[in-house]
Amino acid sequence: GQPLEPRRLSLKPVPKLPNMEAFLSEAFMKLKKQARGYLAPELCFQAVRAATELPFADGVRKERELFNVLLTSGQAQALQYAFFAERAVWKWTTPHGASWQNASPQPIHKAAVIGLGTMGRGIVTSLVKANIPVVALEQNLECLDTGRKAVMLLLEREAMKMEQGAQTLDFHNPARLQFTVDFNALRDVDLVIEAVFENMPLKKEIFQKLSRICKPAAFLCTNTSALNIDEIASATSRPQQVVGMHFFSPAHVMRLLEIIYGRHTSPTAIATAVQLAKALKKVGVVVGNCFGFVGNRMMFPYVEQAVFLLEEGSRPEAVDQVLEDFGFKIGPFRMADLAGLDVSWRSRKGQGLTGDSLPPGTPARQRHGYRYSPLPDLLCENGRFGQKTGKGWYQYEKAGGRTAKPDPWLHNLLTQYRDTHRIKTRFIDQEEILERCLFPLINEGFNILAEGIASGPEHLD
């Protein structure tokens, strides 16, 4: 029999903090840093702010206005598109008529990973998290020991994250996770993922070995970022079992998994790789075989333009800033430092673009009649491989450090480089940085579609 009015929250005044303004502006700065380029978190913040400043009915009205702004925004449409695109890519097809409808996957009861570098460690972690028993193999005891420590550290971290949930990680049990240098430990695995560095002779040697040792039904996967799947498969007696599984670094975090079929890859092998991607909670995208496949092939011209911009007068932090403000999680130079500059350097050496095999008298800034920038090669020649060495396009607090700081050494190098090559420096505005990085990436996407390497635009996106 009591009146409800005093209990009605909407009629109560909002308690005021003495430092409300300072508190809100600090929260907003934090949010802007975390949600770069995203509209929704900013408008959520405005809705909360309105709740502290306006009467209830006005606050609700304000929230509806903000919601309508989002509802009709390009970002909402893009997010809806991305949501459906992620689901569309499960329905894969190949030009030879194989598809998700007519191929059935084989179960994977036990997997193996070869090579415990940055990639291999992340892949092992992903498999353990998916509850798949793993054999992790390295070439010698020293590498194995380093790899084991790094994997255990990653798994400890993941276990701590998961403990808030209900699941626990069982990774101290040798039946779930075994470290070895002996290839014979791979006799009974259902699937092997090779993750050694990008070197064709080395990969072929490993696949020849696997072909001899693994059971006939085992799938042989390679985590290559650009090398020819058919050439790798040619080293085996079972090219139909060979499939590319290109993880993105860091492999236990990134959700994208590029699945590459070669000329002989069986529909069953593709279906199994797609099924494994699902088990690892990744988005598996099935694509054809060409240099760089889809992900990296689109990245090449994007990163290339970013480096050309440095030649012409920009700086790594300026280019990254523009792309991150646009909405990229990480700009091209911070990304390169994270992945390791030596990875693409090794690839360029393999292609004969730099290094000892380059014919004498080759112009410094031209290859095969096209513009080329030797800047990334110069960094690598100076031992600057990115975060792992504490110096790359940026400097870090220590080797393996995470905080990128602009590096005066690099700014100095750029000045000398421009003088050497008589490049006139000019001011480059944000619009030009954005267009010159994004348009080549989009154009390359159209080329990939035209060649049938990807079966639809959703796969590219």
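Which residue counts as partly exposed at 27% relative accessibility?

What we have here is a predicted model, where local features need pLDDT of at least 70, side-chain atom pairs count only at pLDDT 80 or more, and totals for chains, interfaces and linings use all residues. Residues are numbered from 1 along each chain as its sequence is written, and side-chain values use heavy atoms, leaving out hydrogens and water.

Now, the rings. Rings of Phe, Tyr and Trp (its six-membered ring) pair if their centres lie within 6.5 Å; planes under 30 degrees apart are stacked, over 60 edge-to-face, and the rest tilted. That rule gives 7 aromatic pairs. One of them is Tyr 302 with Phe 328, a stacked pair at 5.7 Å centre to centre and 20° between the planes.

So, back to my question: the residue is Phe 328. Buried means under 20%, exposed over 50%, and partly exposed in between, with a 1.4 Å probe and protein chains only. Tyr 302 and Phe 328 also belong to one aromatic cluster together with Phe 326.

Next, please look at Trp 345 and Phe 385: their ring centres are 6.0 Å apart and their planes at 40°, so this pair is tilted. Trp 345 is buried, with 15% relative accessible area.

Finally, charges over rings, meaning NZ of Lys or CZ of Arg within 6 Å of the ring centre and within 35 degrees of the ring normal. Arg 87 has its charged end over the ring of Phe 83, 3.7 Å from the centre. Arg 346 lies over the face of Phe 197, at 4.2 Å from the ring centre.
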